[in-house]
Amino acid sequence: MVDMPAQNPQRIVLPPHRERARRPRIVRFREWARRNLFNSRAGTLLTIITAAILALLIYGVVYFVFVDANWRVITENRWLLFAGGYPMDQEWRLWFSVMFVFLLIGLTYGTWASLGRRDHLFIVLASGFAVLLLAHGGAAIWSTIWYLIAVGLLYAGYAITIRMPREAGPGRTVQQRSVAGLLIAALPIVLIVLLAFGGARPRELEGFVLNLVLAPVGIAGGLILAIPLALGRASRMRAISWTCTTYIEVVRGAPLLGWLFVALFILDDVIGGELIVRAMVVLAVFTAAYMAEYIRGALQALPHGQSEAAHAVGLNQFQSMQLIVMPQALRISIPPMVGQAISIWKDTTLVTVILPLRELKGNADSAIAQFEFTPDRIEAYVFVAVIFWVVAFIMSRISQRVEGSLGIGER
Amino acid sequence: MTTETASTPARDLESMDDIIIAENVDKWFGDFQALDDISMRIKEHEIVVVLGPSGSGKSTFIRCLNRLEEHDAGRIVIDGIEMNDDVRNLNAIRSEVGMVFQQFNLFPHLSVMNNITLGPRKVRRMPKLDADALAMQLLERVGIPEQADKYPAQLSGGQQQRVAIARALAMQPKIMLFDEPTSALDPEMIKEVLDVMQELARSGMTMIVVTHEMGFAREVADRLIFFDEGSLVEEGTPQHFFENPQEERTKLFLSQIL
């Protein structure tokens, strides 16, 4: 007992792992590499092979993007790709919608989640990409300014809402209800801004704008149809449950491509009207069949005690569904629903295959059909793929955040 | 009939009206007869404890009293209201009968406050401020006013069950049904729930309690009822049951559980 630490108060004895942590970073990295990359002869070999493949890939991508590719096919055709036949003198309607949606994203994040370092990085990178595209050639300086204002609105909405107290209370309730109300109203508002009061005719919605209109309408319409379908399938009344089951099985039994043929030929005789409206109907009807099954699964997963307790406090069947069962079932089904939403987002490209509607991919085809740009098809399709990925990634990130912030009352 | 326990004041139940009348009630689940010709009358302010092995039909019986189960034959009358297919009768009965479940069945997506105020606001159309005040009062009564803004998952089992009792009381029922309210609780939390139930009994609530808590049965009950295989086997005062049971099946059950 001679080496009591008390005899030498300056020296603090750290446990071994703390000692190691205080070593220089390069030493720690070397140790980490030895343990994870070069732990055996086979491991070392695998590391070298993987590194070589990665290096080749990165070299290939960098070379393609910065040296080989002719991005003029994109920059020269940016209006065609994004808005296509949308009347150019109504451009402000597009920017107004972008600003509104960006503001709404900011408000939503500020109310129910928070932006982390990765989110900021993503926004900065995506904005850099957008500005690069918009400002190229200097012709569209106003577009760049509009875009930057939209990003500014995102952060403004976020900055305001993130400072509001999160604790339950009347203020919080008003805030949540207002933002939720705006979210629900967003799609109709955007459609009105784009189309009504001297805006474009529906058939003039083209390019990326068309994808951005079709997918949300399909998803929202599908969800609205899916709830009664799921309840109907679970109903004890045979006629109702058979009708809903038949609907679900028939719609799921054929590919979306087939149903778009129906929109083109059969629905034309039945409901007529704008082709784009028929496409929206088909997308919603198709999405609904899948979503109904996800909701039904969630309904079955919910403990029976929930509706019993609802009845025991005197709620009737409808109130029990509306206030107790559905909110919980919808939350359980968020992950598969988002999967379905992402899938329908990508499937909006199919309207080009079947229908004479020109969405982003369709207009990319038009871009490379120009004699000048025929060699640049890879550039065009890579660009389209990146755009689709960015939107799908945003959807998936937002849904993760929504799940996280709704998790508070989880059983 | 007067009880001689310290906790319940001697009450003149004889002069009270029957608030629950069950006559020749049968209940089938497919081929299985869960209730076989059950007849029973329960007076206002009476505390009845229902005993019996699992599968004996005791839970099924009290679930018939607010129609979570539909009885197949016989007659049930709650506070003068006939239990039948008339939805208005059913709603009237359900707002007079509160129920507490073994698994609490709190609504996990609602705060404690909203769990309690939901019934009064949606069914009784009570203004939010009044409902909130009532909820706070009930949370004081069950001893957890500080938990009002939490969610059920953030509470212990005992606290959850006390919220469930407050939720049932918020509808200001005349009758409270308890379906094994302490069976899902850790041992150290049973007492806090029983204490609340005991206080409720003292306040004059009519209570039907399915439980295995013999201490509670002995101390609080006016009457014990023993179910086995869907039949009502024996009933009587706690004194009768614990000192002088008549039926063989009752004796066997009590010997296993005491």
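1. The term stands for a side-chain nitrogen of Lys or Arg within 4 Å of a carboxyl oxygen of Asp or Glu. Both residues belong to helix 11 (residues 238-253) of chain A, and because they are three residues apart there, about one helical turn separates them. Over all chains, the rule gives 27 salt bridges.

2. Please keep in mind that this is a predicted model, in which local features need pLDDT of at least 70 and side-chain atom pairs count only at pLDDT 80 or more, while totals for chains, interfaces and linings use all residues. Residues are numbered from 1 along each chain as its sequence is written, chains are lettered from A and ligands numbered from 1 in the order in which they are written, and side-chain values use heavy atoms, with hydrogens and water left out.

3. Now for confidence. The predictor's confidence in each residue, pLDDT, runs from 0 to 100. Chain A has a mean of 81, with 90% of its residues at 70 or more. Helices (H or I, at least four residues) and strands (E, at least two) are DSSP runs, numbered from the N terminus. Over residues 1-6 of chain A, pLDDT stays under 50, and the model has one contact there beyond four places in sequence; a contact means heavy atoms within 4.5 Å.

4. Chain B averages 87, and 95% of its residues score at least 70. Its lowest element is helix 2 (residues 87-96) of chain B, with a mean of 85, and its highest is strand 7 (residues 175-179) of chain B, at 94. Residues 1-9 of chain B stay under 50, with 18 contacts beyond four places in sequence. The scores for the model are ipTM 0.87 and pTM 0.77.

5. How many residues does each chain bring to the contact? Chain A gives 20 residues and chain B gives 22 residues. The area buried between them is about 1,900 Å², with 64% from carbon and sulfur atoms. Buried area is the accessible area (1.4 Å probe) that two parts lose on being put together, summed over both.

6. Which side chains form the salt bridge across this interface? The rule finds one, and it joins B:R63 and A:E308 at 2.5 Å, N to O. On the side of chain A that touches chain B, helix 15 (304-312) and helix 16 (317-332) of chain A are the elements that give two or more residues. Helix 15 of chain A supplies the largest share, seven residues.

7. Finally, look at the open sheet in chain B, where four strands lie in the order 2-1-4-5 with antiparallel pairing. Strand 2 and strand 5 (81-82) of chain B are at the edges, each with a single partner strand, so one side of each lacks a neighbour in the sheet. Two strands count as paired if DSSP finds at least two bridges between them. Strand 1 (residues 18-29) and strand 2 (residues 32-43) of chain B run antiparallel and share eight bridges. B:I20 has B:I42 as its bridge partner, and B:D18 stands opposite B:K43. These two strands make a hairpin with two residues between them, and B:G30 in the turn has a positive phi of about 60°.
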